Amino acid sequence: MRRVLNFVLILMVLAIQPACTQPVKNQKISTMDTVKKENNPAYSHTDTTAVNLSDEQWKKILPKDVYDIARQKGTERPFTSPLETSKEIGTYYCAVCGNPLFRSDTKFESGCGWPSFYEPISKTSVIYLVDKSYGMTRTEVECGRCKSHLGHVFQDGPPPTGLRYCINGVVLDFEKAQDAQKKYDAEHKDSSK
Ligand SMILES: [Zn+2]
């Protein structure tokens, strides 16, 4: 019986392992970005119209790790996102719809294991919901455009807001400021022709 139990345990570990070790967004964020934009008709850094796709549609469009967190309210393992310790200057967008969410100058090291910010880009960047799961009362943060689950906000952040937006790195797309500048320059050149 013990042997059978051990076998079952090993099977369970094997089954869980790939999900846990699945690489979270790597450095090639811009490449993934392009792929996502091609497959994802809702993705835009400028369109502010609300996105209302069905769960089935999202499941087809989104990479599994993004879908699990954004649409199934999952949580990535702490200290797994390369964005958690990133100090690069730029903008963080919703990985589901491209909505601009946070600026790097509002990011701080909270030590909680997830990318943390003290303020969203605008009042409409995110929406708030009461989350009573796991026997706690927390404030859930969702994307203001596509209503994807991003993380939670806590009242133990630094000044000036005193807030800590604890956000899953998997649902964030980061674009370096200089890349955005280059893109702007390229577009500007095109329009002046
Ligand atoms: Zn979104």
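This is a predicted model: local features need pLDDT of at least 70, side-chain atom pairs count only at pLDDT 80 or more; totals for chains, interfaces and linings use all residues.
Good morning. In this protein, buried residues make up 32% of the 193 residues.

Let me turn to the overall organisation. The secondary structure consists of five helices and nine strands. Followed along the sequence, the order is α-α-α-α-β-β-β-β-β-β-β-β-β-α. As for the contacts, consider those between residues at least 6 apart in sequence: 58% of them join residues at least 24 apart.

Which sense does the pairing between E9 and strand E1 take, parallel or antiparallel? Strand E1, residues 90-94, pairs with E9 in the antiparallel sense, and five bridges connect the two. To locate one of these bridges on the model, please find Thr91, whose bridge partner in E9 is Glu175.

I now come to the backbone geometry. In general, most residues other than glycine have a negative phi, and most peptide bonds are trans.

Phe79 sits in the loop between helix H4 (64-70) and E1. Is Phe79 buried or exposed? Phe79 counts as exposed, because there are 11 C-beta neighbours inside 10 Å, and the cut-off for an exposed residue is 12 or fewer.

The next topic is Tyr134, which also is not a glycine and has a positive phi, of about 55°. Its position is in the loop between strand E5 (126-131) and strand E6 (138-143). Tyr134 is exposed, because 7 other C-beta atoms lie within 10 Å.

The last topic is Pro160. What kind of peptide bond joins Pro159 and Pro160? The bond is cis, with omega at about 10°. Pro160 belongs to the loop between strand E7 (149-154) and strand E8 (164-167). With 9 C-beta neighbours inside 10 Å, Pro160 therefore counts as exposed. How far apart in space are Pro160 and Tyr118, C-alpha to C-alpha? The distance is 7.9 Å, although 42 residues of sequence separate Pro160 from Tyr118.

To close, I return to two points. Thank you for your attention.

Conventions:
Residues are numbered from 1 along each chain as its sequence is written. Helices (H or I, at least four residues) and strands (E, at least two) are DSSP runs, numbered from the N terminus. A residue is buried if 20 or more other C-beta atoms lie within 10 Å of its own, exposed if 12 or fewer, and partly exposed in between; C-beta atoms are placed from the backbone. Two residues are in contact if their C-beta atoms, placed from the backbone, lie within 7 Å. Two strands pair if DSSP finds at least two bridges between them.
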